[in-house]
Every structure is written in structure tokens, then in C-alpha cells.
Amino acid sequence: MGAKFSLCVFLMLVAICSAIPNKRKQYTPCKHLALYFHDIIYNGNNAANATSAIVAAPEGANLTKLAGQFHFGNIAVFDDPITLDNNLHSKPVGRAQGFYIYDTKNTFTSWLGFTFVLNSTDYQGTITFAGADPIMQKSRDISITGGTGDFFMHRGIATIMTDAFEGEVYFRLHVDIKFHECW
């Protein structure tokens with residue numbers, strides 16, 4: 001009788017727990033920034049304006065050509081200007097420095113590792129980002145893994161949106177940064 005009673009109590013607890021809605025904790029950002037960075041890819045003819053270059057390519061190591069339809073295997077490094085608005089000619093507030101690797105054969109995706117180096121009157125310091133970038137999605141999230149200066153030990157999420165692109169030479173990303181841990 002005791003075993004049946006224990007089993008009934010256990011089953012009732014399971015039923016009650018499964019009926020309770022599973023709510024995720026909503027985090028409120030402790031700091032928020034919205035910035036733009038502008039990437040001008042070196043194509044063999046624009047050395048004066050280029051801010052990024054393919055440094056490894058599978059197709060005969062021709063560093064001015066992209067690999068195949070989805071650029072699979074290409075690795076690019078960049079040193080892009082960061083602005084407060086979507087105008088490439090606005091005064092830069094820092095530089096986006098890092099790399100991206102095209103890592104899928106059948107669609108446009110990349111893996112990003114980069115740092116915002118901010119040096120303006122409003123912000124001094126760095127913000128470090130890392131993660132997958134499914135380029136074809138309208139917006140995508142990437143992890144903020146840390147920072148220095150005004151962003152010391154900050155962590156959070158950055159939502160990246162492709163704001164503009166011109167063929168395979170220029171693209172502009174809008175980065176909406178939400179810090180959830182601020183020291």
C-alpha cells in the first residue's frame with residue numbers, strides 16, 4: 001500500500017510540474033549601444049580604400065577572388081571604421097578588428113571573432129565578440145565575451161543586422177549591443 005501511495009504522490013507531482021508554464025528569466029540590459037561598422041573588401045583594384053582582405057583562399061590561393069558560390073574556406077581579416085550612424089564618412093568612434101571565416105558549403109555563413117576598439121570622448125576600451133553568423137538571416141545574435149576600459153568584464157549579446165551591401169565589395173553592419181553583466 002505504501003508503494004502505491006508513493007507512486008501516486010510522485011505521479012501527481014510530475015503532473016503538477018508539467019502543467020506549470022516554463023518561463024525564461026527575462027534579463028534587463030545594464031548598458032546599451034548601437035553602432036555601425038563598414039567593411040570594404042580588397043578586390044585587387046581598391047587598395048587605397050579597402051579595410052579587409054582575404055588572407056587564405058582554397059582556390060589556388062588567389063587572394064583577390066572569392067572561393068566558389070558561397071566562399072567556403074575563405075578567411076578574411078578586417079580593420080573597419082565604426083560610426084554612430086550608417087554613413088561611412090561620419091567621424092569614426094573606433095575600429096572593428098578581427099576575422100571571419102566562411103564555414104559552410106551550401107549557404108552564406110561565417111564564423112566571426114573580432115573586437116571593437118573604441119576611442120572617443122564617450123567611450124574608451126574594447127568589446128570582444130565571437131560566434132556564428134548566419135549571414136542570410138535578417139538579424140542574428142553573437143556573444144559578447146568581455147571587454148576592457150569602460151567595458152571592463154562586460155558580457156552580453158549583440159544583434160547584428162546587415163544594413164547595406166554592394167555586391168561583394170562593401171557591406172555595413174548595424175550592431176545593437178546589450179550588456180547583461182556590467183562591472
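The model is a predicted one, in which local features need pLDDT of at least 70 and side-chain atom pairs count only at pLDDT 80 or more, while totals for chains, interfaces and linings use all residues. Residues are numbered from 1 along each chain as its sequence is written, and side-chain values use heavy atoms, with hydrogens and water left out.

**Overall fold**

- The protein chain holds one helix and nine strands, where helices (H or I, at least four residues) and strands (E, at least two) are DSSP runs numbered from the N terminus.
- Along the sequence these elements follow the pattern α-β-β-β-β-β-β-β-β-β.
- Of the 183 residues in the protein chain, 35% are buried, a term that stands for under 20% relative accessible area, with exposed meaning over 50% and partly exposed in between (1.4 Å probe, protein chains only).
- Among contacts (heavy atoms within 4.5 Å) with a separation of 6 or more in the protein chain, 47% are between residues 24 or more positions apart.
- The accessible surface of the protein chain is about 11100 Å², and carbon and sulfur atoms account for 60% of it; such areas come from the Shrake-Rupley method with a 1.4 Å probe, and for residues only the protein chains shown count as cover.

**The disulfide**

- One disulfide is counted, the term being a pair of cysteine sulfur atoms within 2.5 Å.
- This disulfide joins cysteine 30 to cysteine 182, with an S to S distance of 2.0 Å, and the link is right-handed, with 85° about the S-S bond.
- Cysteine 30 lies in the loop between α1 (2-19) and β1 (31-40) and cysteine 182 in the segment after β9 (170-181), so the pair ties together parts that are 152 residues apart in sequence.
- Cysteine 30 is partly exposed at 41% relative accessibility, and cysteine 182 is also partly exposed, at 30%.

**A nonpolar surface patch**

- Val55, Val77, Phe99 and Trp111 make a nonpolar surface patch of about 320 Å².
- Patches are made of residues with over 30% relative accessible area and no salt bridge, like charges being joined within 9 Å and nonpolar side chains (Val, Leu, Ile, Met, Phe, Trp, Tyr) within 5 Å; a salt bridge is a side-chain nitrogen of Lys or Arg within 4 Å of a carboxyl oxygen of Asp or Glu.
- Valine 55 is placed in strand β2 (residues 52-56) and is partly exposed, at 46% relative accessibility.

**Leucine 118**

- Leucine 118, in strand β5 (residues 110-119), is buried at 4% relative accessibility.
- Not counting residues up to four places away in sequence, leucine 118 touches several residues, including Leu35, Ile82, Val93 and Phe151.
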